[in-house]
Amino acid sequence: MAELTFTPVIGIEIHIRLKSDSKIFCSCSTNTDAPANTNICPVCMGLPGSLPHLNHRVVEQGMLAGLALNCGIRPKSLFFRKSYFYPDLPKGHQISQCDLPITTEGYIEVHDAEGNLKKIRVHHLHLEEDVGSLHHSASDGRLEGADTSYVDYNRSGTPLAEIVSEPDVASAAEAVEYVTTLRRRVIYSGASDVELEKGMMRFDANVSMKCSDGRWGHKVEVKNMNSFKALERAIEFEIKRQKKIMLSGGEVIQETRHWNDAKGVTTGSRLKEFYRKFIVEPDLPPLFISQEWIDRMKARMPEMPDVRANRYVNEMNLPREVADFITDDKNLADYFESCVKAGANPVRAAHWVRTEVLRVMNEKQLKIQNFMIKPEVLAGLVTRVEEGKLSTTQGKEVFDYMCSNNCSVDDAVNKLGITEGGVAGSALDEIIKSVLAANPDVLNEIKSGLDKKGKKLKFLQGLVMKESKGQAKPQEVAEAIAQAVK
Amino acid sequence: MELYELNLYHLTEGLKAKKFSPEEVYESCKKRIDSCEENIHAFITRTDEVAKSQLNENNSGTLAGVPTVLKDNLCTKGIRTTAASKILGNWRPPYNASAWNYLRDAGAILMGKVNMDEFAMGNTCGNSAFGATRNPNDLSRVPGGSSGGSAAAVSAGYVPFALGSDTGGSIRQPAAYCGVYGLKPTYGMVSRYGLISYGSSLDQIGPFARTVRDLQLVMSVIAHYDPMDSSCFREKNYDFTHHENVSIKGKKFALVKEFQDFSLDPGIERAMKKTQEILQEEGAELVEVSLPVVSKYAVACYYALAMSEAHTNLERYDGVRLGYTVKDAAGIKEMFERVRSYGFGSEVKSRIIAGTCLTEPQRCEQYYVAATKVRTLIAQEFAKAFTQTDFILQPASPEMPPLIGSQDDDAMKGYQADLYTLPVNLAGLPGLSFFTGYYGDLPVGLQLIGPRWSDPAILEAGLVIERHTGTPEIANEGVK
Amino acid sequence: MKLTSEQVNDIALESRLLLTEQELAGATRYINNFLEILDSFKELDLTDVEPFSFAEVLECPLREDKVAAFPDAEAILHESEHVDGSYFKVPRIMEE
């Protein structure tokens, strides 16, 4: 009997926090780091009598995010009420476009196991409001075992895009590439910063298994993944779990399971979930979007990261790996491009950005947007090094000095006492003269032919280099000393 | 004549001319309330202190110094707002309903928050956690509902005008029962922000008063675009100022063909005849329109939608953030269950369950979605009718105010009585409940319906009829 | 098809309502009467009818993305009996 093979069939739901100053249905700030329950009002607290009023920018962010996923924008979308009781949900229902979303039918390209490109279809992206945040009293901060929970409604009503894929994902690796690429594209569109550490991207996965003997397991919804790693691990765990059940002839039951990141397992949910058809949100008329508005949003869409990386490879001769690296972060790529635009050699500029700039960013915990050396300034430095006015070592010294002292290239050069173009000619001769005068013994040794291995000569060269503060070219120094000792 | 007896318009004129002071008006109304309230029980919360502090504000707006009351489903900042439900406990909203803000800015003085059926679910004003209100014309009878407290307060002379809300007749039916005028404006004309929702797509705030001109005055203040209510219409030109030389000559008034077979109380039958004579005398043309879908399906359609929306509007009452709560529950589910089971009255519970039932996946298409489609047919039917007529004349209720406690156990039968009012909400139309005179000791009111945004025209037609019927007397049965 | 009182009770629980026997009997009667009336929709041909959403074509008004803090967040907290510090404190969420 042939060995049974299993094909995972995975769909992914992603919640991304959209970027806006105020909440989706009220004018409260979206700053969730504020002290608990300070950014609240009658609307996001669901107080009796309050009504939602939709934020224009959130609609545009939804459109941009949709376009970034190659989705089409619908001329008419509608809000619904999705009901369930939970203490973080003030109205007892969530206002969501679930049934008639703003954008539909897109795709994201990923690489399959053979390395070929495949499309993961995006069913739709819709707008909705987030719920409040819960903090649990249990010692490990988890829901299980917590006797009391604390609710902060600052997050309630912050804008979300929910992105639902078709079940086209076949592995945890594909899932990770899908969400990584998707995240990068959404950031590029400007719809969201998707700061992962701030929980701005959360994942649910629908996992089922198709067996080569024709059996098809039930769909299991896995919830509560908050990082790429958690998504990957949860899917891997679930694939293994379901495979094991099916191999032993058992049946996978259709259920919602929760990912426990600490234990690395999914557990069946004891919370009964009610699936209710949604009623139309009677307090919000339909959202109509004109073709003109869509065109305006399309015009605002920046070049997507993959297109940008290709351009770097084809037009700037960057190695693929470097191009991918730089375009991974839009702001870094923007910085790089400004640098090139200001005249820097692209390959050299890329190298500087990747090494020196990134090193200082990491050391000082800086975002590239706030980096102390503006890209135009860096371009000047890169060019001076390229033209040989500064040695690479000097360039790096100047760079570090500028980072610490926030000054111009010229200031740094002066303060460091560097002579541009290096120490050569009569200046070099002066140094050599004084070095020889200070070391008559050594000079005699060389002259008498005892320095057969050239060690003493090297010693003198080192002294000269030191005296010139590294600004002399070693080759020239060697030649000049050889001449002087003859 | 006592100051409390003055109609709104005369009161504002007198106040402007300084014939009397706001303090005197307040004292007169307060005295009137003190003498009747024990019998009528219109108030849930009296706000004498608020009124007094408002009197010191020196407002010179349209309604400066005019006492008023609000139905207790309109949020008032810092003042208990209950929707006549136990579940709201002693909730003091941190904000004002927009309609109240407009009145307040215009100088109206708040005398209190008045009774209603719990969450506006009912048509007697007896379904309140604070006890029943009595009809000031006959204390043994209901004032109608759900805005019974507002109608009773105006009828008994507590205040010259009041605000209520109308989801399926909750302004028009109690206005008719109490013998005052009441307008349910076009959906989208008055902001619902701060109105505690029942059926959001049906709810509309409107005024009660003792003359049509008074309604015009109030509407000129509250018909106001409000960005806080997304269903509120922008930039409509409402003109509620015409009251002289208005005429209905050549206008068409229709009776609904299908309603002719339904039986009416003799007093209402007589009022219908009398009103038709007035209309003809004024040179209007009487026609007939046919509303077959409305007459047969509107009641079912209305309740399906009202309950579907209501149950989601009531999901927010869980005891966490406001209102009645329990502190010793072992778990969140127990807390929610105990709060909601104790906090809601049984009529409300029935409607929540019905609404939940209709929107469950297996029934949603058959009931909720079907009802939204029937609603489209109803709106279309009205739209067509208004190509054939300017107004529709019909009762506000098929019966005179019933005796308190005489309500049928079969709730659906009670709902059938709403057939004359609720289609208007389904189509988002304006409806005026107007006084026609008395039948025995009881006032009789009827209803005029017009196309959307015809509120000013309906009120002008009301002015013409009022010239024949005279204004209602202040009901005196409540006096101790 | 009529609903049994068990079914009605399940729906009640879903709505977080515990009914007394009397309330359950009343609600069951109420809902069954109601559904019977709603069954009359079957007489209508609704296949090509659009669901109603608003009384006339109305575009969702859009608000400018501007922060305007609610002046009285404190008053909102003040209305709850479950406030502990600056949080709302609720009992056990996960059932045993």
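His41(B) is buried in this predicted model, because 23 other C-beta atoms lie within 10 Å of its own and 20 or more are enough to count as buried. This histidine sits in the loop between α2 (22–40) and β1 (43–46) of chain B. Its backbone deserves a look as well: phi of His41(B) is near 55 degrees, a positive value in a residue other than glycine.

Gln394(B) belongs to strand β9 of chain B, which covers residues 391–395. With 25 C-beta neighbours inside 10 Å, Gln394(B) counts as buried. Which residues does Gln394(B) touch, leaving aside those up to four places away in sequence? They are Val256(B), Phe259(B), Tyr420(B) and Gln447(B). Ser35(B), in turn, is 359 residues from Gln394(B) in sequence, and their C-alpha atoms are 36 Å apart in space.

Chain A gives a further example in Glu128(A), part of strand β7 (residues 117–129). This glutamate has 21 C-beta neighbours inside 10 Å and therefore counts as buried. Apart from residues up to four places away in sequence, Glu128(A) touches Gln94(A), Ile95(A), Ser96(A), Gln97(A), Leu160(A) and Glu162(A). Ile108(A) is 20 residues from Glu128(A) along the sequence, and the two are 22 Å apart in space, C-alpha to C-alpha.

From single residues, the view can now widen to a whole chain. Chain C contains three helices and three strands, and along the sequence they follow the pattern α-α-β-α-β-β. How does the radius of gyration of chain C stand beside that of a compact globule of 96 residues? The globule would have a value near 12 Å, but chain C has 23 Å. The C-alpha trace of chain C spans about 55 × 45 × 25 Å along its principal axes. Of the 96 residues in this chain, 31% count as buried.

Chain C also meets chain B, with 51 residues of chain B in contact with 46 residues of chain C. On the chain B side, α9 (292–313), α10 (332–343), α11, α12 (361–388) and α13 (411–416) each supply at least two residues. The most comes from α12(B), which gives ten residues to this side. Sorted by class, the side of chain B that touches chain C has 28 nonpolar, 13 polar and ten charged residues.

One pair of helices shows this meeting of chains in detail. Two packed helices are described by the angle between their axes and the distance between the axes. For helix α11 (residues 346–359) of chain B and helix α2 (residues 21–38) of chain C, the angle is about 50 degrees and the axes are 10 Å apart. The two helices, α11(B) and α2(C), are therefore oblique to each other, and α11(B) passes α2(C) in a right-handed crossing. From α11(B), the contact uses Ser346(B), Lys349(B), Ser350(B), Ile353(B), Ala354(B) and Cys357(B). From α2(C) come Glu23(C), Gly26(C), Ala27(C), Tyr30(C), Ile31(C) and Phe34(C). Seven residues of this contact are nonpolar, three are polar and two are charged.

Terms used: Residues numbered from 1 in each chain as written. Chains lettered and ligands numbered in written order. Predicted model: local features only at pLDDT ≥ 70, side-chain atom pairs only at ≥ 80, totals over all residues. Axes fitted to C-alpha atoms, helices over the stretch in contact; angles between N-to-C directions. Helix = DSSP H or I, 4+ residues; strand = E, 2+ residues; numbered from the N terminus. Parallel < 35°, antiparallel > 145°, perpendicular 65-115°, else oblique. Left-handed = near helix turned anticlockwise from the far one by under 90°. Contact = placed C-beta atoms within 7 Å. Nonpolar A, V, L, I, M, F, W, Y, C, P; charged D, E, K, R; others polar. Rg over C-alpha atoms; globule rule 2.2 N^0.38 Å. Buried ≥ 20, exposed ≤ 12 C-beta atoms within 10 Å, placed from the backbone.
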